[in-house]
Amino acid sequence: MHMIKRFKIYIGLLLCVAMLGPLKMFAQDDLLSLVGEDKPTKQRVKYAFKSSRVINSHSMEFINPGTMDFRILHRFGSLDQGYKNFFGLDQASMRMSFDFGLLHNLMAGVGRSTFKKEVDAFVKYAPICQSTGPGSSPVTVALVSGITVDGLPWADPTRQNYFTSRLAYYNQVIIGRKFSEALSLQVMPTVVHKNLVQLATDKNDIVGLGFGGRLKLSKRMALTWDYTYVVDGLPEGYFHPLSFGLDIETGGHVFQLHVSNANGMNERAFITETTGQWGQGQVRFGFNLSRMFQLKKPKLD
Amino acid sequence: MKNSFLLLLLLTLSPILVSAQKYFTKSGRIDFSATAPSSPEKIEAVHKTVTCVLDAATGQLQFSLLIQGFTFERALMQEHFNENYMESGKFPKAEFKGAITNNTAVNYSKDGDYTVTVKGKLTLHGEAREVETTGKIAIKGGKISASANFSAVLSEYKIEVPALVSDKVSKTATIKVACSLEPLKS
């Protein structure tokens, strides 16, 4: 009898200890960790650039799906013309384009430039997007493929001319990273192929290595630059395109003001046909104006 | 003797039963609006993957959400919301940690509607502030619907509204919470 009583007390004590276990849960003030909310999740790093173009070059950034980016690009004459041409502002070359955001990592666009009356189109796709959290990638890798169609009358109408002679293509890989809120950098190996070149000594395939970056000065202003180094060199009279710009964001618009030695506004034109030389003051003022339109609205309800 | 043993057993099990009385969701909804009265366009967004956990025993209530998860009708507005206002790169989450102050008035085991007062700390844009509001709790078939409305003064959370858009973006945001919670199996 005595033994049984003692045993019961022992069991009772044991149960009391067992009670304290669950009691400990009351002290826990982080309920969210119970549903795994404290674990980091994979998240895409967004807004590396304000626009889908650094200045001339494509950026690692995509426009949002369901939106259209109407872009008006202006390049004025070269500054070294002085006051007689109002430092180049009397002349302007332009490109108008429509870019469409199809998926979060897929966009396509079409544009037309006054320079060579050229039409261009491109598709841009990112198989890898920079992200944070588990299974993340430190960089965005985007692929761009484009075509340009020269619209000028044939230089020599007396000979046999083919439509394909008007065409040029470009393929580009963009490897970019947003290092911090302020700094984003990217490199862009690029190949431009021209079906027809001016001289027999000119190359049909031009390999370039592009560099681009952005440094945010404030929430709505950023310094940008892009440069393409043509690996095999360029024919005499042509130079590597280098541009410096200032992005200003005002609500629905992004203004990209810049100075550049390039006149062309598609890859074929600015990589292979930049005739200005920075050292000679042959740079020009220009701006890109980007206006976003929401074509497809997501359902909020 | 037998009775005391049963009592002991009951006492032992009761905290286990109580600790099982936690409810949660990962698909709560929050509607956000910061449309100024004079604004020609609506500045509002919806979030449909809000996490909420409620401990029925203590009345503790916690919310968490990713700022990037807010969807706006216009993607550009969403971009500005993330980039310029909420700075979601720096402050990816918003959190509320608080409690139902009149929790004893709620009988979680019976169907019914209750008005509750919720008090706690809201962390937004890296700034924590005390908030208090009244909400509704409806219990039906072991599930809980919780809803509440409250407002947040943007400047208190160091969210700047530039003068350029002050006719569109209100200085105060209204936040509408609606969650249906299910029992959490631990």
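Trainee: What makes 34% of the 301 residues of chain A count as buried?

Mentor: A residue is called buried if 20 or more other C-beta atoms, placed from the backbone, lie within 10 Å of its own; it is exposed at 12 or fewer, and partly exposed in between. In chain A, 34% of the 301 residues count as buried. Bear in mind that this is a predicted model, where local features need pLDDT of at least 70, side-chain atom pairs count only at pLDDT 80 or more, and totals for chains, interfaces and linings use all residues. Residues are numbered from 1 along each chain as its sequence is written, with chains lettered from A and ligands numbered from 1 in the order in which they are written.

Trainee: Why does Gly120(B) count as buried?

Mentor: Gly120(B) has 20 C-beta neighbours inside 10 Å, so it counts as buried. The residue sits in strand 6 (residues 112-124) of chain B; strands are DSSP runs of E, at least two residues long, numbered from the N terminus.

Trainee: And what does Gly120(B) touch, not counting residues up to four places away in sequence?

Mentor: Contact asks for C-beta atoms, placed from the backbone, within 7 Å. On that basis Gly120(B) touches Phe96(B), Lys97(B), Gly98(B), Ala99(B) and Val131(B).

Trainee: How do you know that chain A is more spread out than a compact globule?

Mentor: Chain A has two helices and 14 strands. Its radius of gyration is 29 Å, well over the 19 Å that the globule rule gives for 301 residues, so chain A is more spread out than a compact globule. The radius is taken over C-alpha atoms, and the rule is 2.2 Å times the number of residues to the power 0.38. Along its principal axes, the C-alpha trace of chain A spans about 125 × 45 × 40 Å.

Terms used
Helices (H or I, at least four residues) and strands (E, at least two) are DSSP runs, numbered from the N terminus. Two residues are in contact if their C-beta atoms, placed from the backbone, lie within 7 Å.
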